[in-house]
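These are my notebook entries on one protein chain, kept in the order in which I looked things up.

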Amino acid sequence: MERMTAEQFSELTNENNNNGEQILRNKVSSARGRAFEGLLMRGCNYYRQKEIAIINKVNEPYIVTKKTTGNKFSGRFTGRAEPDFKGVLYGGRAIAFEAKSTQKSRIQRNAVTDTQMEWLREQKDFGAVTFVAVNIQDKFYSVPFDVWDDMKNIYGKKFLMPEDIAGYEVKYDGAVRFLEYEDGTRVEGV
């Protein structure tokens with residue numbers, strides 16, 4: 001997690017700053033998401049070494065609008081958000097997935113935005129392997145995109161709990177092995 005100066009912490013906890021707690025929660029959530037992506041990147045490296053897939057983290061397209069001191073800058077996004085990870089499986093089939101993490105006991109369907117859903121749906125329609133890599137507390141899952149997309153009809157709700165998706169739990173050995181379920185099977189299409 002990125003370090004915070006005493007001044008930044010003071011600003012966050014200032015009684016006059018009503019948004020301080022929310023800002024702090026956002027920072028913690030962001031750090032958790034980056035940590036999850038790091039574990040997924042370890043999985044990407046594992047699959048590359050095993051010659052199973054070449055998958056990379058996708059950086060959001062942006063432009064710098066203002067440079068400030070201390071190697072910081074302001075910017076704005078310039079294009080449509082793409083899935084967090086995309087690549088190719090051995091044999092040539094495309095793969096794309098979104099990564100979502102929560103410390104709560106459930107993950108909401110709207111954690112994947114409408115734009116991200118559209119992008120994954122489009123990729124799937126073109127034949128790509130698509131799913132949502134999920135981290136709920138200390139467990140990791142690869143939920144097929146069709147299941148995520150139709151969550152309301154399948155589970156009768158717009159959120160998932162670990163017991164709902166236990167069959168999609170993936171291996172973890174210091175890397176999230178997102179293509180391999182705990183039961184020894186692989187993500188469909190791999």
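**Entry 1: Gln116**

I looked up Gln116 and found it buried, with a relative accessible area of 9%; buried means under 20% relative accessible area, exposed over 50%, and partly exposed in between, with a 1.4 Å probe and protein chains only. I note that this is a predicted model, in which local features need pLDDT of at least 70 and side-chain atom pairs count only at pLDDT 80 or more, while totals for chains, interfaces and linings use all residues. Residues are numbered from 1 along each chain as its sequence is written, and side-chain values use heavy atoms, with hydrogens and water left out.

I placed Gln116 in helix H3; helices (H or I, at least four residues) and strands (E, at least two) are DSSP runs, numbered from the N terminus. Its side chain reaches the backbone nitrogen of Thr113 at 2.8 Å. Leaving aside neighbours within four places in sequence, I found Gln116 in contact with Glu98, Lys100 and Ala111, where contact means heavy atoms within 4.5 Å.

**Entry 2: the chain as a whole**

I then counted five helices and 11 strands in the chain. Of its 190 residues, 33% are buried. Among the contacts with a separation of 6 or more, 57% are between residues 24 or more positions apart. The chain exposes about 11900 Å², of which carbon and sulfur atoms supply 46%; accessible areas come from the Shrake-Rupley method with a 1.4 Å probe, and for residues only the protein chains shown count as cover.

**Entry 3: aromatic rings**

I next looked for ring pairs, taking rings of Phe, Tyr and Trp (its six-membered ring) to pair if their centres lie within 6.5 Å, with planes under 30 degrees apart counted as stacked, over 60 as edge-to-face and the rest as tilted. The count comes to nine aromatic pairs. One of these is Phe36 with Phe140, a stacked pair at 5.9 Å centre to centre with 15 degrees between the planes. This pair links distant parts of the chain, since Phe36 is in helix H2 (residues 20–49) and Phe140 in strand E8 (residues 139–144), 104 residues apart. Phe36 counts as buried at 3% relative accessibility, and Phe140 is buried too, with a relative accessible area of 9%. I also recorded a cluster in which ring pairs link Tyr46, Tyr47, Phe85, Phe97, Phe131 and Phe178.

**Entry 4: charges over rings**

For charges over rings I required NZ of Lys or CZ of Arg to be within 6 Å of the ring centre and within 35 degrees of the ring normal. Lys57 lies over the face of Phe85, at 5.8 Å from the ring centre, and Arg106 lies over the face of Phe159, at 4.1 Å from the ring centre.

**Entry 5: salt bridges**

Side chains of opposite charge can pair when their charged atoms come close. I counted 10 salt bridges in the structure, each being a side-chain nitrogen of Lys or Arg within 4 Å of a carboxyl oxygen of Asp or Glu.

Which residue forms a salt bridge with Asp84? I found Lys57 there, with the closest N and O atoms 3.9 Å apart. The two are 27 residues apart, Asp84 in the loop between strand E3 (73–77) and strand E4 (85–89) and Lys57 in strand E1 (residues 53–57). Asp84 counts as buried at 6% relative accessibility, whereas Lys57 is partly exposed at 26%. Glu37, Lys57 and Asp84 are linked in a network of salt bridges.

The side chains of Lys124 and Asp146 meet in another salt bridge, at 3.5 Å from N to O. This pair joins helix H3 (residues 114–125), which holds Lys124, to helix H4 (residues 145–149), which holds Asp146, across 22 residues. Lys124 is partly exposed, with a relative accessible area of 32%, and Asp146 is also partly exposed, at 44%.

I also noted the salt bridge of Lys139 with Glu169, whose closest N and O atoms are 3.7 Å apart. Lys139 is in strand E8 and Glu169 in the loop between strand E9 (159–160) and strand E10 (170–172), 30 residues apart. Lys139 counts as partly exposed at 36% relative accessibility.

**Entry 6: Glu82**

Last, I looked up Glu82, which is in the loop between E3 and E4 and is partly exposed, with a relative accessible area of 24%. Glu82 and Leu120 are 38 residues apart in sequence and 8.4 Å apart in space, C-alpha to C-alpha.

Key
Polar contact = N/O pair within 3.5 Å; in protein donor to acceptor, adjacent residues only side chain to side chain.
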